[in-house]
Amino acid sequence: MDDLSASDLKAILHSKRANIYYLQYCRVMQKDGRVLYLAEDDKQNSYYNIPIANTTCLLLGTGTSITQAAMRMLAQAGVLVGFSGGGGTPLLMASEIEWLSPQSEYRPTEYVQAWLSFWFDEQKRLAAAKELQQARLGFLQKTWAKDKDLKLEGFDSTNLAIAQLLESFVLQIDKADRVGKLLQLEAELVLSDNGSASIH
């Protein structure tokens, strides 16, 4: 089989890649045109291949080192490398990580401008915040109405007192005239007590 070039490795788009690896107490290196990690134990050294062409992110934890050659190959394949623990950035969770990569595909500038255009307009920002709050209340009502365990704990959106409380907040959210007021309403909702359950 012929060796793969860096351009071949980039053929798998980031949104189609499947793997995020977290490694600790090992050494990441390049050997024979592949990126491997070496895990040492008392009896033997074990080498394991990292399929970089299908990898989105490699997280290196405590006790891990990486060679320049391996880092170069990972960069050529468009793999993100992050450090966690041991004084590095404590990256504990990631979601939709392909959007963080500068090598990600199909991201014209107009897209982000359109997505964020509301942020620079105070009224649009307020409308977006109201929509998020309304969606949150709708989710609470739907979840509390059908979850038996929540009902046993007193979280039941069909309960008259809770239904009235949630409806009151829906109306107050609609009337809010600034983002600060929405934050206040959110705090009041969390701290509300109808005698049987607090809303969390």
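The legends below go with a set of close-up views of one predicted protein model.

**Ground rules for every view.** This is a predicted model, where local features need pLDDT of at least 70, side-chain atom pairs count only at pLDDT 80 or more, and totals for chains, interfaces and linings use all residues. Residues are numbered from 1 along each chain as its sequence is written, and side-chain values use heavy atoms, with hydrogens and water left out.

**View 1. The protein chain as a whole.** Seven helices and seven strands turn up here; helices (H or I, at least four residues) and strands (E, at least two) are DSSP runs, numbered from the N terminus. Reading from the N terminus, the order is α-β-β-β-β-β-β-α-β-α-α-α-α-α. Of the 200 residues, 29% are buried, where buried means under 20% relative accessible area, exposed over 50%, and partly exposed in between (1.4 Å probe, protein chains only). The chain exposes about 13,400 Å², with carbon and sulfur atoms supplying 54% of that; accessible areas come from the Shrake-Rupley method with a 1.4 Å probe, and for residues only the protein chains shown count as cover. Take the contacts between residues at least 6 apart in sequence, and 56% of them join residues at least 24 apart. Contact here means heavy atoms within 4.5 Å.

View 2. Four strands line up as β4-β3-β2-β6 in an open sheet with mixed pairing. β4 and β6 (65-66) sit at the edges with a single partner strand each, so one side of each has no neighbour in the sheet. Two strands pair if DSSP finds at least two bridges between them.

**View 3. The β3-β4 hairpin.** β3 (residues 34-40) and β4 (residues 45-49) run antiparallel and are joined by five bridges. Four residues separate the two strands of this hairpin. For L38, the bridge partner in β4 is Y47, and for L36 the partner in β4 is N49.

**View 4. S46 on strand β4.** S46 belongs to β4. Is S46 buried or exposed? S46 counts as buried because its relative accessible area is 13%. Skip the neighbours within four places in sequence, and S46 touches Y37, L38 and A39.

**View 5. A nonpolar patch on the surface.** Y111, V112, W115, L116, W119 and F120 make up this patch, with about 720 Å² of accessible area together. Patches are made of residues with over 30% relative accessible area and no salt bridge; like charges are joined within 9 Å, and nonpolar side chains (Val, Leu, Ile, Met, Phe, Trp, Tyr) within 5 Å. For the record, a salt bridge is a side-chain nitrogen of Lys or Arg within 4 Å of a carboxyl oxygen of Asp or Glu. F120 is exposed, at a relative accessible area of 71%.

**View 6. Two residues with positive phi.** Most residues other than glycine have a negative phi. Y25 isn't a glycine, yet its phi is positive, about 50°. Look for Y25 in the loop between β1 (19-23) and β2 (27-31), where Y25 is exposed with a relative accessible area of 55%. D32 is another non-glycine with a positive phi, near 55°. D32 sits in the loop between β2 and β3 and is exposed too, at 64% relative accessible area.

**View 7. Cysteines without a disulfide.** How many disulfides does the count come to? Zero, by the rule used here, which asks for a pair of cysteine sulfur atoms within 2.5 Å. C26 is buried, with a relative accessible area of 6%, and C57 is buried as well, at 3%.

View 8. S84 and Q24 are 60 residues apart along the sequence, but 9.5 Å apart in space, C-alpha to C-alpha. S84 is buried, with a relative accessible area of 7%. I20 lies in strand β1 and is partly exposed, at 47% relative accessible area. Which residue sits 5.8 Å from I20, C-alpha to C-alpha, and 38 residues away in sequence? That's L58.
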